[in-house]
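The sequence and structure are shown first.

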Amino acid sequence: MSHRILFLSGKGGTGKTTSALNLSVALAEAGHKTLLVDLDPQGGVGLALAREDTEWIGLAEVMLEQATLSQALFKTKLENLILLPRGRLDPINVAEYEHALATGKTLETLLSQVDKEVDYVLIDAPSGLGLVPRAALAQTHFAIVPLQAEPMALRAIGQVLRVIDYVQEQENPALQLLGLLPTMVQLDQDTSFTVMGRVWSELSGVLQTHIPRSKELSIASEKGIPVAFLGGSPPPEARRFELLVDEIKRRIVKMRPQTEQPDARPERELI
């Protein structure tokens with residue numbers, strides 16, 4: 001059984017898509033078969049990879065029965081990473097797309113189809129707490145909430161946690177908060193330092209790994225590649241996502257011990 005992890009944020013600009021993309025890469029490079037699903041009507045994953053709106057078929061075509069799931073899955077050059085793009089969605093049809101995704105069985109069906117094929121399913125939901133994020137929460141096991149190290153994001157975090165608690169109580173008892181992921185952290189800046197002080201002292205479930213605001217992440221975004229794929233010496237930001245993989249795996253084992261999976265790396269001999 002795969003581990004389904006939803007990236008959820010109450011507001012835009014938190015680094016949600018960037019975190020989902022780079023974590024999926026880190027999981028795949030650690031040997032885990034990983035599927036990254038783009039539920040964002042704006043096609044955030046495709047935009048992060050510098051792809052045009054009409055370049056990839058994907059979820060939209062599956063919903064319209066214009067393509068099968070296997071046809072819509074995009075195999076990347078990274079052996080263990082597969083993408084399910086948003087597909088070719090006209091912006092004027094976003095409302096209909098959201099309604100169909102929230103009221104239909106597409107998401108439940110596709111997740112059940114890949115359940116035994118991959119180790120991790122990472123789902124990038126659109127920002128906000130509307131129809132699509134609610135539908136995704138009802139079908140997932142874990143939620144990661146990127147928390148931008150700024151005052152407004154900290155003030156709004158209670159809204160996101162309230163929705164997660166409600167869905168867990170009323171719709172999906174299997175849902176658990178995997179952690180709050182601090183993003184765009186600048187500990188050398190007074191505002192960011194103050195916010196993080198409150199995050200660490202006042203909130204529970206905060207992941208130890210935090211994602212800084214960095215030039216390398218901006219350069220990778222400009223080039224349309226994961227940060228680990230930048231040329232030259234491996235950037236420390238890529239190492240942060242490797243650490244995040246280890247941390248979330250430990251948390252998942254504690255939360256779902258019955259589904260613990262062995263390390264995907266084979267035993268080796270030195271000589």
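## Terms and basis

Helices (H or I, at least four residues) and strands (E, at least two) are DSSP runs, numbered from the N terminus. The model is predicted: local features need pLDDT of at least 70, side-chain atom pairs count only at pLDDT 80 or more, and totals for chains, interfaces and linings use all residues. Residues are numbered from 1 along each chain as its sequence is written, and side-chain values use heavy atoms, with hydrogens and water left out.

## Cavities

On a 1 Å grid over the protein atoms alone, a cavity is a set of points where a 1.4 Å probe fits but cannot get out; lining residues have an atom within 4 Å of a point. Grid points are joined across faces, edges and corners, and a volume is the space filled by probe spheres set on the points. The structure holds 2 cavities of 30 Å³ or more.

The largest cavity has a volume of about 120 Å³. Among the residues that line it are Asp38, Arg51, Trp56 and Arg86. Helix 2 (residues 44-48) contributes the most to this lining, with 3 residues. The lining comprises 4 nonpolar, 3 polar and 5 charged residues, where Ala, Val, Leu, Ile, Met, Phe, Trp, Tyr, Cys and Pro count as nonpolar, Asp, Glu, Lys and Arg as charged, and the others, Gly among them, as polar.

The second largest cavity holds about 70 Å³ of space. Strand 6 (142-148) and helix 8 (151-170) are the elements that give two or more residues to its lining. This lining divides into 7 nonpolar, 4 polar and 1 charged.

## Pockets

A pocket is an open set of grid points with protein on both sides within 12 Å along at least five of seven lines. The largest pocket has a volume of about 590 Å³. Of its 31 lining residues, the closest to its centre are Gly15, Lys16, Thr17, Thr18 and Met184. Helix 1 gives the most to this lining, with 6 residues.

About 380 Å³ of space lies in the second largest pocket. Leu49, Arg51, Thr76, Lys77 and Phe229 are the closest to its centre of the 16 residues that line this pocket. The lining divides into 11 nonpolar, 2 polar and 3 charged.

## Threonine 103

Threonine 103 lies in helix 5 (residues 94-103). Threonine 103 counts as exposed because its relative accessibility is 56%, and exposed means over 50% relative accessible area with a 1.4 Å probe and protein chains only. A polar atom of its side chain lies 2.7 Å from the backbone oxygen of histidine 99.

Methods
Buried < 20%, exposed > 50% of the residue type's maximum accessible area, 1.4 Å probe, protein only. Polar contact = N/O pair within 3.5 Å; in protein donor to acceptor, adjacent residues only side chain to side chain.
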